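This report is a guide for a reader who meets the structure for the first time.

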Amino acid sequence: MWLLLPDIRGCQYTPSPGEQGRGVPRVAIDSKFDPEQREVIQVRGLCKTFRDFWLRPRVEALRGIDLSIQSGEVYGLLGPNGSGKSTTIQILLGLLFPSAGSVSVLGTPPGTPQSKNRIGYLPEDSVFYPFLTGAEMLDLSASLGRVPARERKGRVSDLLEMVGLQDAAHREIGDYSKGMQRRIGIAQALIHDPEILILDEPTNGLDPIGVRQVKDWIVSLRKLGKTVLISSHLLADVEQVCDRVSILYGGKVQSSGSIEQILARDDRTLWTTSHPDEAVLATVRQNFEEAGVEVISVDPGSRSLEEMFLETVEEARDSGETTSGAGMGGQLPAFLGGSEGRS
Amino acid sequence: MPVLMAILAWFLMALLVTAVLRSRLQSASIFSIARTLLAEGWRRGVLPVGGAILFVGLALLPLLVEDASEASARLQIVLDYGQLWIATVVILLTSLMACGSLCDEIVTGRMRFLVVQPGSRWSVLPGKWLGLLAASFSLLFPATLMLVLISGQVSSSNTVLMESPAVSLVQPEQLQVTPEKIEQYLAFQKLEDPAGWGRLDHQEAIRIAYSRLNRLSRSVMRGGRSDYRFSYSTGLSKGTELEIRPSMGRAHRSQRARMRVHMGASSQEILIRNGMRSRVPLSEALEGEREIVIGIEFLGAVDEDVRIPSVNWSGTDAIQLRVPEGSHLSTLIRSQLLLWIRCAFIAALGLTVSTFLGLPVATLFVFCFLIAAAGGGFSGAFEESKDAVHHDHGHDAPSRIVLDTLAEGGDWIVSQLATWNQHVTGGRVAAGEVVTNSEVLSGLARIGLLWAGVTMLTGLWICSRREHGLGADR
């Protein structure tokens with residue numbers, strides 16, 4: 001059920017005459033938005049215009065974005081290239097100034113030490129020092145994140161084990177594969193036990209096992225009460241882990257709401273059953289037709305390629321095969337919030 | 001004792017740097033960034049390769065002195081070229097690492113990663129600066145040690161630098177024409193000749209008075225005598241010598257003349273040559289004195305058929321006392337400390353310009369500064385003392401004021417650049433001249449704290465303008 005609502009969130013952007021009547025955000029009725037829950041990220045009417053050397057407007061990246069992200073939820077920021085996802089994230093991190101609008105992260109302006117101390121960030125590209133080893137990189141992140149010296153060694157060890165890089169801890173990051181660098185990136189984002197985790201394309205470059213693990217970690221982090229903001233192109237991944245999403249296009253929120261509601265279709269119903277024989281199928285089909293229900297397709301059950309891949313790798317590992325890449329990885333370490341949240 | 005103190009100072013600084021980088025303070029982000037820069041320097045091969053170039057150059061120094069017969073000449077050549085080589089390599093490496101490190105962070109996007117970390121925005125530049133100081137120290141200390149060993153090898157004794165004293169040069173007060181002296185001279189002349197001097201415009205009178213006083217203070221007429229007052233705050237030590245380099249006008253370079261030098265109650269006659277340096281040991285009775293007056297009487301040419309009307313003191317070093325003070329080694333160490341302080345400024349400059357310029361332009365900027373500093377140092381070496389510089393304010397036309405202001409600004413820049421040129425200090429050390437503790441402290445205050453501090457604050461300000469300095473607008 002979609003509602004057509006004109007400029008429902010008080011967007012400050014005024015569309016040009018040519019844009020009147022189009023590009024108005026569609027917002028699903030949001031059953032997961034709880035007004036009682038604490039808002040950790042609040043964005044109102046956010047605009048960002050990039051200017052050239054002579055301060056002439058060059059690119060209008062954001063044109064009145066509204067976001068409200070609550071504590072303990074996994075929020076997805078979706079959109080094609082150039083839609084404004086990265087700009088929004090950089091403003092939330094204090095890397096860019098907003099041209100207009102207001103932004104609040106944990107009740108403070110973005111970029112302040114108070115807010116940065118409670119945010120973990122995984123950048124889109126692996127930008128870590130190639131000449132440092134994995135353990136040294138995490139140690140650097142820990143010291144930059146003001147982790148007490150006595151806890152650093154333990155956290156580094158725990159996180160290396162979590163991301164399956166304990167065997168490559170003393171290899172230089174320049175020798176890591178892209179997936180391994182991604183894993184180190186996730187570990188460094190978690191090392192100072194942040195309240196909010198901002199993940200820019202978290203599964204980018206990961207193998208299916210890594211993708212599955214990242215999704216498991218995100219779910220576990222949500223259980224621990226942490227807020228996760230994901231920006232991704234991989235819609236299937238977002239669909240599986242996010243509570244709510246916003247879809248951006250042209251610097252504006254085109255649609256937002258909880259996953260179930262924005263994906264719900266009132267003209268389709270999907271059943272999953274055990275494999276029936278032909279006679280049963282014929283009977284069911286006949287009953288539907290008599291009731292006036294159209295059967296659109298009946299597909300035989302099949303495994304997904306992801307399931308098949310995971311099973312194959314699992315079998316290879318069980319048979320004693322070794323790899324120079326990342327290991328299996330494990331559960332979230334205890335310092336992130338206790339054993340009850342472990343995956 | 002001064003040698004031990006200087007060596008102790010080096011070790012204390014080495015210990016301090018090591019302790020700071022490895023102590024419990026290592027948890028602070030500033031030290032983590034410094035350690036990362038050091039790791040970058042070593043693992044990317046900048047420091048090992050730069051160090052290898054530095055030490056190969058030093059190892060070749062003995063080849064330069066094969067033709068020199070005297071040990072003192074060999075020592076001077078080794079010290080001169082050795083310090084020049086060390087200063088060149090260390091300063092170039094420091095500037096390259098400063099520009100390269102920050103530009104690399106910005107281009108690869110690591111700067112953003114650093115800046116989003118809690119509390120690290122203000123620690124990126126200071127952390128890198130600290131790392132550059134440690135990196136330059138890691139080259140400077142062993143290179144200085146090697147230079148000391150090579151100096152011993154090319155000289156007669158391995159401990160030559162410890163045994164040979166450095167000298168402090170003391171110029172007489174008479175050669176400095178101060179504004180007070182000009183005013184006194186003018187007052188006297190106006191009393192004596194009110195019709196002549198009294199009618200002159202004041203600025204014109206100052207110009208003429210300066211010119212006359214300068215000429216008078218720098219010449220001794222035949223049969224005449226000039227007294228020169230020398231002040232030395234700690235008292236003249238044993239072995240002090242008076243060094244003179246007289247100019248005798250048109251007389252041939254080989255022409256000899258006689259002078260009588262009066263030191264307290266004693267006097268002695270000496271032979272001098274045109275433009276050649278002569279040294280006269282200080283009378284024992286004057287040892288330990290803080291203020292002495294030396295009279296110089298010009299007796300004329302040795303050959304009776306030659307007439308030399310006067311001798312002149314041309315340049316600031318034409319007449320001076322050479323007072324032994326400390327050892328050659330301690331002065332070398334102080335000179336290298338000054339080099340380290342200059343590296344600190346170069347590091348700050350490189351980091352700051354890298355916040356808004358790309359690697360090629362930032363490096364070019366720093367190199368231009370270094371070339372200008374070399375030029376400033378060259379000019380500064382021939383500069384008269386500041387009191388002797390006279391500005392003619394006779395014309396008050398606006399264009400003249402602008403030109404005068406620009407000229408004074410240029411003088412100031414040249415004098416500042418002279419303090420940043422290590423080669424001048426290195427040349428003095430090679431010539432056996434002392435580099436004092438006060439010079440090191442003054443360099444630390446002016447170059448290390450004031451200029452490097454101002455430069456770093458500028459860089460921090462640029463970085464704090466978040467989108468600038470992070471590469472967003474490149």
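## Polar contacts and the side of chain A

Between chain A and chain B of this predicted model, seven residue pairs are in polar contact, with both residues of a pair at pLDDT 80 or more. On the side of chain A that touches chain B, the elements that give two or more residues are helix H3 (134–144) and helix H4 (149–162) of chain A. The largest share of that side comes from H3(A), which supplies seven residues. Sorted by class, the side of chain A that touches chain B holds 16 nonpolar, ten polar and seven charged residues.

The rule also finds one salt bridge across the interface of chain A and chain B. In a salt bridge with N to O at 2.6 Å, the side chain of Glu136(A) meets that of Arg43(B).

## Extent of the interface

Chain A brings 33 residues to the contact, and chain B brings 29 residues. The area buried between the two chains is about 2,800 Å², and carbon and sulfur atoms give 58% of this area. Within chain A, the residues that lose the most area to chain B are Leu95(A), Phe131(A) and Leu144(A), which together account for 26% of what that side buries.

## Two packed helices in chain B

Two packed helices are described by the angle between their axes and by the distance between the axes. In chain B, helix H7 (residues 124–154) packs with helix H15 (residues 437–464) at an angle of about 140°, and the axes of the two helices are 9 Å apart. H7(B) and H15(B) are therefore oblique to each other, since only angles over 145 degrees count as roughly antiparallel.

On the side of H7(B), the contact is made by Leu125(B), Pro126(B) and Trp129(B), while H15(B) contributes Ala452(B), Met456(B), Gly459(B), Leu460(B) and Cys463(B). The residues of this contact of H7(B) with H15(B) comprise seven nonpolar, one polar and no charged.

## Salt bridges over the whole structure

Side chains of opposite charge can pair when their charged atoms come close. Over all chains, a search of the whole structure finds 27 salt bridges. Within chain B, Arg44(B) forms a salt bridge with Asp104(B), and their closest N and O atoms are 3.0 Å apart. This pair links distant parts of the chain, 60 residues apart, with Arg44(B) in the loop between helix H2 (29–43) and helix H3 (46–59) of chain B, and Asp104(B) in helix H5 (residues 71–108) of chain B.

Methods
Residues numbered from 1 in each chain as written. Chains lettered and ligands numbered in written order. Predicted model: local features only at pLDDT ≥ 70, side-chain atom pairs only at ≥ 80, totals over all residues. Heavy atoms only, no water. Contact = heavy atoms within 4.5 Å. Buried area = accessible area lost by both parts, 1.4 Å probe. Salt bridge = Lys/Arg side-chain N within 4 Å of Asp/Glu carboxyl O. Polar contact = N/O pair within 3.5 Å; in protein donor to acceptor, adjacent residues only side chain to side chain. Helix = DSSP H or I, 4+ residues; strand = E, 2+ residues; numbered from the N terminus. Nonpolar A, V, L, I, M, F, W, Y, C, P; charged D, E, K, R; others polar. Axes fitted to C-alpha atoms, helices over the stretch in contact; angles between N-to-C directions. Parallel < 35°, antiparallel > 145°, perpendicular 65-115°, else oblique.
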